[in-house]
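Subject: Structure for you to look at

Hello,

Please find the structure below, followed by notes on what turned up in it. Keep it open while you read.

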Amino acid sequence: MIAKYYTTNDDNSIICELCPHNCHIKPDKMGICGVRRNVNGNIEILNYGIISSSGLDPIEKKPLYHFYPGHKIYSIGGYGCNLKCTFCQNHEISQHIPELGDALKHNQPTDLVAKAKFLPENIGIAYTYNEPTIMFEFMVQTAELAKSEGLKNVMVSNGFINLKPLDELTGLIDAFNIDLKSFSDKFYREYTGGRLNPILNTLSRIRESGKHLEVTFLVIPTLNDSLTDASAMFDWISSNLGVNTILHINKYYPAYKMQISPTPTSTLIELYELARTKLKHVYIGNIHGQTLGNNTLCPACSATVIKREGYHTQITALDSNGYCKICGYGPIAIMD
Ligand code: SF4
C-alpha cells in the first residue's frame, strides 16, 4: 500500500505531511502516531485495515444529532492516535498499539463495505473510536467504495489533520464530528500534545466544504471549564462556523492519566446556558438521566422536533426533508 502526503529527503529521511506534527522520520523510525514507518525513504503503513473495534451504533452515539436522526451506522476503529491526550476516554486502543504485524487481520475495504451493506438498517460507515486520520489511506479507499455503493461516510476526529488531506476527505465524508477540546493553545500543548490553530483551521475548512459538521467539547473541571475561555470558544464558533453549528457539551469522567473528578452537572448546565445565548443547537452529552440539553428544539418556534431518551430517538415534529412541521423552519436535520 502506497502512503500519501510525505516527501523524502536526500538522506532518506521523510517529512510526513498528513497531520500538523509534520514528523521528520529517520530511516527505520516511526512518526508520533506509531503507525507510519520510514522504510528506505518510503512510508510503510503498519495499520492498514487493522480493526480494533466495530459495532452497529446509533448515529447519536458518534455524537451526530442532526444527521439521519434515529438511524444506525456501522462504526469501526483501529489503533493509535496522533495526539496524546492525558484524559483519553479510549486510551486502550488509542495509546496502546499492539504489534502491528501479520498476526493481526488486515481487512480490505471490500470486507468492510460488504459487512456494512449486510447489516440491517445501517446507513453507512463511521470511522471512529481511535483517531481515523492515521488510517488515512484505508479510510479513503473504504469511503470511496462505500460512497459508490450508496452508503454514507462519517468521520469522528480530533481535527488534527493538514488541510490538503482534509480536502481529499471532504469529497468523501458526508458528516464530521470534530472535537474542540479547549479554546486555549496552552491546554492543547500541555494535555494533548497538539495545538489549537490547526483544529480551528479544520473546522473552518469543513464548514466551507458544505459537509455536515457537529462539534464536541469535553469539559474537564479546572482545566478547560473557565467561562471566559468557553465564551471565547462559543463566540468563535458562532462567528466562524455560524449560529446553526451543532455543539455537544460533554461530561468528562476520569480516564487514562487524568484523575480529576467528573464534570459536575451544574458546570455543564452553566456552559449550556451560555452557549445557548450564541448558538441555536446546543446539547449536553455523556450523562445519564439528564433531560436538559437532550432534545432538538426548532430555533424559530421552540417546538420539540426531536425527542431523545438515552439513545432512543423519536422524530416528533420534522417532515421528511428535515423542516419543522409546526412553523416550516429549516432544514433542521438531514433526513432519509
Ligand atoms: S500522521 Fe503520524 S507520522 Fe504523519 S505527521 Fe502525523 S503523527 Fe507524524
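At what angle do α2 and α3 pack, and how far apart are their axes? The angle is about 40 degrees and the axes are 9 Å apart. Axes here are lines fitted to C-alpha atoms, for helices over the stretch in contact, and angles run from 0 to 180 degrees between N-to-C directions. Helices (H or I, at least four residues) and strands (E, at least two) are DSSP runs, numbered from the N terminus.

Two remarks on the model itself. Residues are numbered from 1 along each chain as its sequence is written. The model is predicted, so local features need pLDDT of at least 70 and side-chain atom pairs count only at pLDDT 80 or more, while totals for chains, interfaces and linings use all residues.

Helices α2 and α3

With that angle, α2 and α3 are oblique to each other. The word follows from the cut-offs: angles under 35 degrees count as roughly parallel, over 145 as roughly antiparallel, 65 to 115 as roughly perpendicular and the rest as oblique. The crossing of α2 with α3 is right-handed; a crossing is left-handed if the near helix is turned anticlockwise from the far one by less than a right angle, and right-handed if clockwise. On α2 the contact is made by Pro 109, Thr 110, Leu 112, Val 113 and Ala 116, and on α3 by Gln 141, Thr 142, Leu 145 and Ala 146. Two residues are in contact if their C-beta atoms, placed from the backbone, lie within 7 Å. By type, this contact has 6 nonpolar residues, 3 polar and no charged. Ala, Val, Leu, Ile, Met, Phe, Trp, Tyr, Cys and Pro count as nonpolar, Asp, Glu, Lys and Arg as charged, and the others, Gly among them, as polar.

Which residues of α2 are buried? In this helix, residues 109-118, they are Leu 112, Val 113 and Ala 116. They lie on the same side of α2, because they cover an arc of only 95 degrees around the axis. The arc is that of the directions from the helix axis to the C-beta atoms. An α-helix has 3.6 residues a turn, so residues three or four places apart point the same way. Thr 110, Ala 114 and Phe 118, on the other side of α2, are exposed. A residue is buried if 20 or more other C-beta atoms lie within 10 Å of its own, exposed if 12 or fewer, and partly exposed in between, with C-beta atoms placed from the backbone. The cover over the buried residues of α2 includes β7 (72-77), β8 (122-127) and α3 (136-148).

Two other helix pairs

Helix α7 (residues 227-240) packs with helix α8 (residues 265-276) at an angle of about 35 degrees, their axes being 10 Å apart. Their crossing is right-handed. Leu 227, Ala 230, Ser 231 and Phe 234 of α7 meet Leu 271, Leu 274 and Ala 275 of α8. That contact of α7 with α8 has 6 nonpolar residues, 1 polar and no charged.

Helix α4 (residues 163-170) and helix α6 (residues 196-209) also pack at about 35 degrees, with axes 10 Å apart. Here too the crossing is right-handed. The contact takes in Leu 163, Leu 166 and Thr 170 of α4, and Asn 201, Thr 202, Arg 205, Ile 206 and Ser 209 of α6. The contact of α4 with α6 divides into 3 nonpolar, 4 polar and 1 charged.

The loop between β6 and β7

Pro 63 sits in the loop between β6 and β7, and the peptide bond from Lys 62 to Pro 63 is cis, with omega near -5 degrees. Leu 64 is found in the loop between β6 (53-58) and β7. Is Leu 64 buried or exposed? It counts as buried, because it has 27 C-beta neighbours inside 10 Å. Apart from neighbours within four places in sequence, Leu 64 is in contact with Ile 59, Val 154, Ala 175, Asn 177 and Glu 214. Asn 177 is 113 residues from Leu 64 along the chain, yet their C-alpha atoms are separated by 6.8 Å.

Backbone points elsewhere

Another cis peptide bond joins Gly 330 and Pro 331, with omega about 5 degrees. Pro 331 is in the segment after β16. Asp 28 has a positive phi of about 70 degrees although it is not a glycine. Asp 28 is exposed, with 11 other C-beta atoms within 10 Å.

Regards
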